[in-house]
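Reader: I'm new to this. Could you walk me through reading a protein structure?
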Amino acid sequence: MARLRSKDLAALALLSACSPAVPIEPQPSASSSAAPLAARASAAPPPAPPPSIAPSSAPAPAPRIAFSVAEAEEILYPAGVPGDAACPPATDAPSRVRCLLELRYGGHEGEKKTALSLFEASGSVAGVEREQMMDGGFRGTLHLVPELPVGRHEKHLSWVTASSIDFDAFFEGLAKHTDKPVQYRHRPIAWKFFRSVNRTTPSAYAIGWTVAYNVSGSLHGSADAVRETLFHEIFHLNDAARSTGAQQWSRRVLGPIHDAILAKCGTRAACLTPYAPTTTMVRGGTYYAFQPNNGDAVHEYAADLAARYYREVRAVLREEKPLRPAFKCGPEENARAWRLLADEFFGGVDLVPGC
Ligand SMILES: [Zn+2]
């Protein structure tokens, strides 16, 4: 299935501004370990008890706090928590974050409920991006402004929350097929919503366990499209978490494959088609995975490959019709990249039938 409908391809199809990400220590996936997750290597959270394994009829356990109170405050109120905020500062961290969420989403009951449910289930906090001017590479300079996902933007908060639930199911499904740890963090995430003034790009970008989400993003047309875009973005965070020096995993390990494809094809779409993990293209450019002037394009190749892996393996886990043709059944470079990715990030699991 194509990531985008053909009419969407005519629009600027941009996944990510993909600023160079800050190297972060790898953290275990919440689905594969009982250990609490750290928000950032530089801002370790207070230790939290491991979650208890409770029957489904038991009350939901308190969320594992990965973001410190200070971080949650910054996500919800980047310009500072209002001085008259009615949230007592001395309460325990989850209570303080819940109170701030209730305050931030005040007057929007449905959205408040969704933001609280996202926090309870994943520890993720849905807030806003700071206003800023961004160098968007081939997109030019962009003016980003905070935009809370309420009112006519409410669907985006719902889609993020649904994606988070889907990712839980995906990683729980994967874990059943391997004895190896799945070293992949898909939650908690700092969700920072914004609007790009007079533009529909970038749709999203990722840095430091944060995914910034454009409520007017050209790729955010449906729940399915959003889910795959967010998987792509969260992959960037995990790729950065495996950095060695300045090199992300994708440069170090997939770089030779990506470089060889570029040497062979340049930016010629017809030549690149068999190698492109998704159909996402840039108007006037080429496949997103091979687009120049967009940072190191191997980062995008790897994130699109991860999104393709998610799409194909998810279909198998859900006993849906398999996607054809399977990516790994294309040129031999595809099979190599697929195996390297699965081994590093997904416990070596490959549920897609052989070619
Ligand atoms: Zn990207």
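Reader: Among contacts between residues at least 6 apart in sequence, what percentage join residues at least 24 apart?

Author: Here 66% do; two residues are in contact if their C-beta atoms, placed from the backbone, lie within 7 Å. By the way, this is a predicted model, where local features need pLDDT of at least 70, side-chain atom pairs count only at pLDDT 80 or more, and totals for chains, interfaces and linings use all residues. Residues are numbered from 1 along each chain as its sequence is written.

Reader: Which residues of H3 are buried?

Author: A residue is buried if 20 or more other C-beta atoms, placed from the backbone, lie within 10 Å of its own. Helices are DSSP runs of H or I with at least four residues, strands are E runs of at least two, and both are numbered from the N terminus. In H3, the buried ones are Val97, Arg98, Leu100, Leu101 and Arg104.

Reader: Where do they sit around the helix axis?

Author: An α-helix has 3.6 residues a turn, so residues three or four places apart point the same way. In H3 the buried residues fall within an arc of 165° (taken from the directions from the helix axis to the C-beta atoms), so they line one face. Their cover includes helix H2 (69-76), helix H4 (109-122) and strand S1 (125-128).

Technical notes. Buried ≥ 20, exposed ≤ 12 C-beta atoms within 10 Å, placed from the backbone.
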